[in-house]
Amino acid sequence: MSKKQDSFSKIQNLSKNITLLSSIYMLLEWDLETYMPEEAIDARSDQMELLATLIHKQKTAPAFKKALSNLIDLSTGSMVQENTSLTEQAAAREWRREYLQEAKLPSSFVKQFAKITAKALPAWADSKKNANFASFAPHLEKIVTLSKKKAKLLGFEEHPYDALLDLYEPGLTVKTLTPLFAELKVFLIELLKEIQKNKKPIPLIKGLFSQEKQMQVGATLLKVMGFCTKASRLDISSHPFCTAVHPKDTRMTTRIDFNSPISSLSSVIHEAGHGLYHRNLPIEHYGTPLCEAASYGVDESQSRLWETIIGKSPAFCKFIYPKLQEVFPENLSNLSLEEYYQALNHVEASEIRVEADEVTYSLHIILRFEIEKALMEGSLSIKDVPKVWNQKMQESLGITPSSDKTGCLQDIHWAMGGIGYFPTYALGNLLAAQLFSTFEKSHLDWEEKIANGNLLFLEEWLKENIHKHGKIYTPSELITKATGKPLSAKPYMHYLKTKYSKLYS
Ligand code: CO
C-alpha cells in the first residue's frame with residue numbers, strides 16, 4: 001500500500017467510526033421525539049451526553065489529528081500528498097474544516113455552553129408561556145456573550161457573525177447576506193402591499209380529518225415520490241423532522257392537525273425533500289463527509305423546493321386533490337380544486353414564522369438576521385430586543401405582536417444557542433427557486449407530468465445536479481455548477497411575482 005493510500009484509509013476508518021456513533025445519536029434523538037416513554041427522559045439525556053462526549057473525543061483525538069496532518073496541512077489547507085484525486089482533496093478539506101472547528105473550541109467552553117443552554121431552554125419555555133421576556137433576558141444575555149466568545153475562538157475576518165454563519169453555511173458572510181436580504185426585503189414588502197390591496201377571503205376547510213387517513217395520504221405521497229417502506233419510515237412528532245440515519249434508513253415525521261389535511265401534507269412533502277437528498281447521497285463515500293449534505297441551506301432548498309414550488313403549484317394540486325377528496329369525501333366534496341389551491345396559497349401577514357406563507361416567510365427570517373447581527377456587534381442590548389422586534393414587525397409586515405409570546409419569544413433557536421442558524425431557512429427558499437428556474441428550462445412540460453403524478457423526473461434532475469455530489473463541492477461551487485450562476489435573490493423574486501400576480505390579479 002502506498003503512503004498516500006495508507007494515510008487516506010487510516011483517516012477513513014477513524015471517520016467511519018465517528019459517522020456510526022453520530023448515526024446512533026440520531027436514532028436516540030429520533031426515538032426521543034417519537035416513541036420514547038416520557039419518564040425515560042433523564043436516562044436518555046445521560047445516554048446522549050455520554051455519546052456526544054465520545055464523538056467529540058474521537059473528532060479531536062491525537063490519532064485523528066495525526067492521520068489528517070499526513071494528508072493535508074492543517075494550517076494552510078494545502079495537500080501534503082501528491083497526485084490526490086478530486087474526491088480525496090474534498091474529503092481532506094471537509095475533515096480539516098470540521099477538525100479545526102472542534103479543536104478551536106476547548107472542552108471547557110463546550111461544557112459551559114451546554115450548561116448555559118440546558119438552563120436557558122426551560123427558562124425560555126416558561127418565559128414564553130407567561131409572555132414575560134424579562135425572565136428569559138439574563139439567559140439570552142449569557143448566550144450572546146458566549147456566542148461572541150465562540151466567534152472569537154473560531155476566528156473571523158470581518159464580522160463576528162461570520163464565524164457563526166460559517167458553522168451552518170460554509171463560506172457565507174454578512175457581506176454577502178446583507179445586500180441579498182436588503183433587496184429581498186424591499187421586494188417582499190412591496191409584493192405584500194399589492195396582495196393586501198386585492199385581499200380575498202380564505203376558502204374554509206370544514207370537518208374533522210382523522211389521523212389514520214392523514215397518514216394514509218402521507219404514505220401514498222411518499223410512494224409517489226419514490227420512497228420504499230423497506231428503507232424509510234413515516235411517523236408522528238410534535239415538530240416534523242427528517243432524520244437521515246443512513247442512505248438506506250430515512251426517517252421522516254409529520255404533525256397532525258385534525259381540522260385540515262394541509263399541515264400534515266406540507267410536512268410530509270417537506271421532510272421527503274430532505275429525505276430524497278439524503279437517500280441519494282454518494283453511498284460509496286459513506287463514513288466520510290462526502291456522503292453528507294453540502295450545507296443546511298442546500299438541505300433546506302431541497303425540502304422547500306418540494307414543499308412550496310411543487311407542493312403548492314396548481315399542477316400538484318390537480319394531482320393530489322382528487323386523492324384527498326377520495327379519502328375525505330364527506331369533508332371535501334363541496335370544496336373545489338380552485339378553492340383548495342387558494343386555501344393552500346393564502347397570503348396574510350401573521351406573527352408566527354412557522355405558520356407564515358411563501359410571501360411573508362422570508363421577512364420573518366430577515367428580521368431575525370438583523371437582530372442577531374446587531375446582538376453580535378453589540379449595537380443592540382438585550383433589554384431592547386422586544387421593542388426592536390415589534391418595530392421591525394411593524395416595518396416589514398405591518399403588524400405588532402400581541403405579546404412577546406408570539407413576538408420575540410416564539411422560536412426555540414436562541415435558547416438552544418443556535419445564533420446564525422436562521423438565515424439558512426431563507427437561503428433554502430432562494431436556492432430552491434434558483435435551482436427550479438434552471439430545471440424548468442430543460443423541462444417545459446413539467447406541469448403536465450406533475451399533474452399526472454409523475455414526480456420522479458424531478459428527483460432524477462436533483463440527484464444529478466445536487467444530491468449525488470454530497471459535500472464534494474463547497475455550497476457556492478455547487479450552486480454555480482448546478483445553475484451557472486452564484487446565489488441570487490432574482491429567481492425567487494421572479495417566482496413569487498409571477499405566481500402571486502396570477503393568484504391576486
Ligand atoms: Co427543513
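This is a predicted model: local features need pLDDT of at least 70, side-chain atom pairs count only at pLDDT 80 or more; totals for chains, interfaces and linings use all residues.
Helix α15 spans residues 358-377, and helix α16 covers residues 385-397. The two helices pack at an angle of about 145°, and their axes lie 10 Å apart. The crossing of α15 with α16 is right-handed. On the α15 side, the contact is formed by Thr360, Leu363, His364, Leu367, Arg368, Glu370, Ile371 and Leu375. On the α16 side, Val385, Val388, Trp389, Lys392, Met393, Ser396 and Leu397 take part. Sorted by type, the residues of this contact comprise nine nonpolar, three polar and three charged ones.

Asn83 is not a glycine, yet its phi is positive, at about 55°. This residue sits in the loop that links α3 (62-69) and α4 (86-104). Asn83 counts as exposed because its relative accessibility is 71%, and the cut-off for exposed residues is over 50%.

Ser505, likewise not a glycine, has a positive phi of about 35°. Ser505 belongs to the segment that follows α21 (490-503). With a relative accessibility of 75%, Ser505 is therefore classed as exposed.

Methods
Residues are numbered from 1 along each chain as its sequence is written. Side-chain values use heavy atoms; hydrogens and water are left out. Helices (H or I, at least four residues) and strands (E, at least two) are DSSP runs, numbered from the N terminus. Buried means under 20% relative accessible area, exposed over 50%, partly exposed in between (1.4 Å probe, protein chains only). Axes are lines fitted to C-alpha atoms, for helices over the stretch in contact, and angles run from 0 to 180 degrees between N-to-C directions. A crossing is left-handed if the near helix is turned anticlockwise from the far one by less than a right angle, and right-handed if clockwise. Contact means heavy atoms within 4.5 Å. Ala, Val, Leu, Ile, Met, Phe, Trp, Tyr, Cys and Pro count as nonpolar, Asp, Glu, Lys and Arg as charged, and the others, Gly among them, as polar.
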